[in-house]
Amino acid sequence: GALLVSERIDREELCGALSPCSLSFEIVVENPLELYSGAVEIQDINDNDPVFPSSQARLEISESVGAGARFPLESAQDPDVGINSLQTYQLSANPHFALDVQTRVDGSKYAELVLEKELDREEQRELNLVLTALDGGSPPRSAHVQIHIDVVDANDNAPVFNQSTYKASVRENTPSGTLVARISAYDLDDGPNGDIVYSFSSHTPTKVRELFALDSATGELRVKGQLDYEETKLYEIYLQAKDKGAVPGVAHCKVLVEVMDVNDNAPEVTVTSVYSPVPEDAAPGTVIALLSVTDLDSHDNGLILVQVSDVNDNAPKSSQDSYDVYVLENNMPGIPILNVSATDPDLGRNAHLSYTLLRGDSTVGHLFSINRENGTLYLLTSLDHEDQVEFSMIVQVQDGGSPPLATNVSVSVFVTDLNDNAPTVLYPHPNTTATYTDVVAPGTPAGHMVTKVVAVDADAGYNAWISYTLLQATDPSLFSVGLHSGEIFTARQLREDDAPQHTLVILLKDHGEPVLSASATVSISVAEIVKEVLTDLTDLAPANDPRRHVTFYLILAVILVSAAFFITMLSVGIFKCYKWRQSKELFNSSRSTLYRTPGPFHHIDAVRGGFTPPNLYHQVYLTTDSRQSDLLSKKPFTSSPLGSRQNTMRNGEPGLYHQIVGTASRLPTSAE
């Protein structure tokens, strides 16, 4: 199990400037089978001297340069790393210059001469200095370079860069010749003293000069060699601009070039077979081989992606289990009214959804349609609230898996009402040539109900709430009409000089928007003796109505019962007269109760059922001496109980009742 060194190790040859430097290996142990990963870190020793690119450097510095001017010097290179690498520089003693040691972002050192005392060419034409580079070894290793400085006459203006630091980024596979950055400097001098030449600074490493090229005239920095993110991620490039004067002015700038990683390294798979051949009776789970995968790229480029295939194990899921949609009646055909939304977390075909409309009733397929791809529900025709108020259906959402999975979503469409129906007058009947005349006796007191206008509105809610207004009358002061009941009352007591015939025009309006209206004409006769003025209802009833005979027998029974009561009253005489007077007083105080005295008038009143049951009411038109009568059953307005109540009857009492009014003379109270 001992790990031995088989040959001399040179860290600089193996890793270069990378630190730490390590060599990885894998060890397989059998019985039990285990895999161990290991690494050997190659530690650096101080076995390399710093080296300057040349043994001598030459500088030309104008005597006009002021104190504080800086002059970069060529950097020494030391292949060692860490503390053994180049650590500092030293400058020989002199009265004019000091040394400033700077550190790059990668930790390397470089030196700059700083002018502390201005030069004087007439006093000293040249200077010779010695620059020493030292590493951090023990003992330290060093290198020396001779710096010869020529003091020349002044060039008034030195070039100036428009910025001191430039930043750029390139991909590591960028081809040679690609523009990285463009530096720019200006010089206020004229002629050659103002012409600028761009170049690398003297302390720019050789490696940088091999990878990048600088156009001396335009200042364009371009890729020259092959960049490698895995080797160097950031380059710090120092450039300078010189004019062409006899004593050139110099300006310096820095370009930071970031190298971006590309996926240029394929994963490396190492397979170590430890059990081959495999016996046919090998148990499930037996390890056959060990695999190790590495990738030199960074971030996402260095991940190993394992693809997981999808199985159709998720049914479509709707954002809600049911939808309630409200549509105004009289809509435009073909409009979209709903978008059924569903999702499926599966992938590919398993997540492809289709929408199908399952018929809730026989009319759904003719009225509605759904887009199979996006679940948009369309209304194919115009709806009528009075025809049908609600539609129910099921939308099935199915994926494209095998086998497919599906989810059902219930949809209810409610048709909301518009005021598209005017009030319809049931009494007096507006579409007949016969004249309905109601009779009232002379001297009738104020507040006596003469007759009633009966009307319905097929709409619902406020759209079906009918109001009655007296629009025109022979004598407007004689009669009034109930605003919501349609009942016509005497507004004052009838006098002998009142006209014998009165015609009233009643205006009926609903409360919709816009308001729809109708009118009814009522004829009232003032007469002492009741005359038969009503047209025989036989003309109004359908010839094939089988219920008319039932009505006839009902009228006959009423007449017989009335006659029996009349004979009984004559036999009891004074006692019944007394009771009759009491009941008359009671009637006058409770005219609007369940049983009311119709008075000595001749008209057709409506016999209606209450709201129990709520889905049915009846209208019976009766006359005591008619040969036939009419029984009318009307389809309920289930969607508008308020409208039915307000417009078809004048009472709010629960339960079923019948109101029967004859055209004969008023019977005694007990018969009523």
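These legends describe close-up views of a predicted model.

**View 1. The aromatic pair Phe52 and Tyr89.** Eight aromatic pairs are counted in the model. In one of them, Phe52 and Tyr89 have ring centres 6.3 Å apart and an angle of 50° between the planes, and the pair is classed as tilted. Phe52 belongs to the loop between β2 (34-42) and β3 (56-62), and Tyr89 to strand β5 (residues 86-91), so the contact ties together parts that are 37 residues apart in sequence. Phe52 has a relative accessible area of 9% and is therefore buried. Tyr89 is also buried, because its relative accessibility is 4%.

**View 2. The aromatic pair Phe212 and Tyr235.** The planes of these two rings meet at 70° and their centres are 5.4 Å apart, so the pair is edge-to-face. Phe212 is in strand β15 (residues 212-214) and Tyr235 is in strand β17 (residues 234-243). The pair links distant parts of the chain, 23 residues apart. Phe212 and Tyr235 are both buried.

**View 3. Lys233 over the ring of Tyr229.** Lys233 lies over the face of Tyr229, and its distance from the ring centre is 5.1 Å.

**View 4. The salt bridge between Asp44 and Arg11.** Side chains of opposite charge can pair when their charged atoms come close. The whole structure holds 14 salt bridges. In the one between Asp44 and Arg11, the closest N and O atoms are 3.3 Å apart. Asp44 sits in the loop between β2 and β3 and Arg11 in helix α1 (residues 11-15), so this bridge ties together parts that are 33 residues apart in sequence. Asp44 is buried, and Arg11 is buried too.

**View 5. The salt bridge between Arg70 and Glu112.** The closest N and O atoms of Arg70 and Glu112 are 2.7 Å apart. Arg70 is part of strand β4 (residues 70-72) and Glu112 of strand β7 (residues 109-115), so parts that are 42 residues apart in sequence are tied together by the pair. Arg70 is partly exposed, with a relative accessible area of 37%, whereas Glu112 is buried, at 12%.

**View 6. The salt bridge between Arg222 and Glu220.** Here the closest N and O atoms are 2.9 Å apart. Arg222 has a relative accessibility of 30% and so counts as partly exposed. Glu220 is buried, with a relative accessible area of 15%.

**View 7. A network of salt bridges.** The residues linked in this network are Asp475, Arg492, Arg495, Asp497 and Asp498.

**View 8. The largest pocket.** The space in this pocket is about 1300 Å³. It is lined by 39 residues, and those closest to the centre of the pocket are Ala17, Gln77, Asp106, Ser108 and Pro205. At least two lining residues come from each of α1, α2 (206-211) and β17. Helix α2 supplies the largest share of the lining, four residues.

View 9. In the model, the chain over residues 552-575 is 96% helix and 0% strand. The end C-alpha atoms of residues 552-575 are 34 Å apart.

Methods:
Residues numbered from 1 in each chain as written. Predicted model: local features only at pLDDT ≥ 70, side-chain atom pairs only at ≥ 80, totals over all residues. Heavy atoms only, no water. Phe/Tyr/Trp six-rings, centres within 6.5 Å; stacked < 30°, edge-to-face > 60°. Buried < 20%, exposed > 50% of the residue type's maximum accessible area, 1.4 Å probe, protein only. Lys NZ or Arg CZ within 6 Å of the ring centre and 35° of its normal. Salt bridge = Lys/Arg side-chain N within 4 Å of Asp/Glu carboxyl O. 1 Å grid on protein atoms, 1.4 Å probe; cavity = no way out; pocket = protein on both sides within 12 Å on 5 of 7 lines; lining within 4 Å. Points joined across faces, edges and corners; volume = space filled by probe spheres on them.
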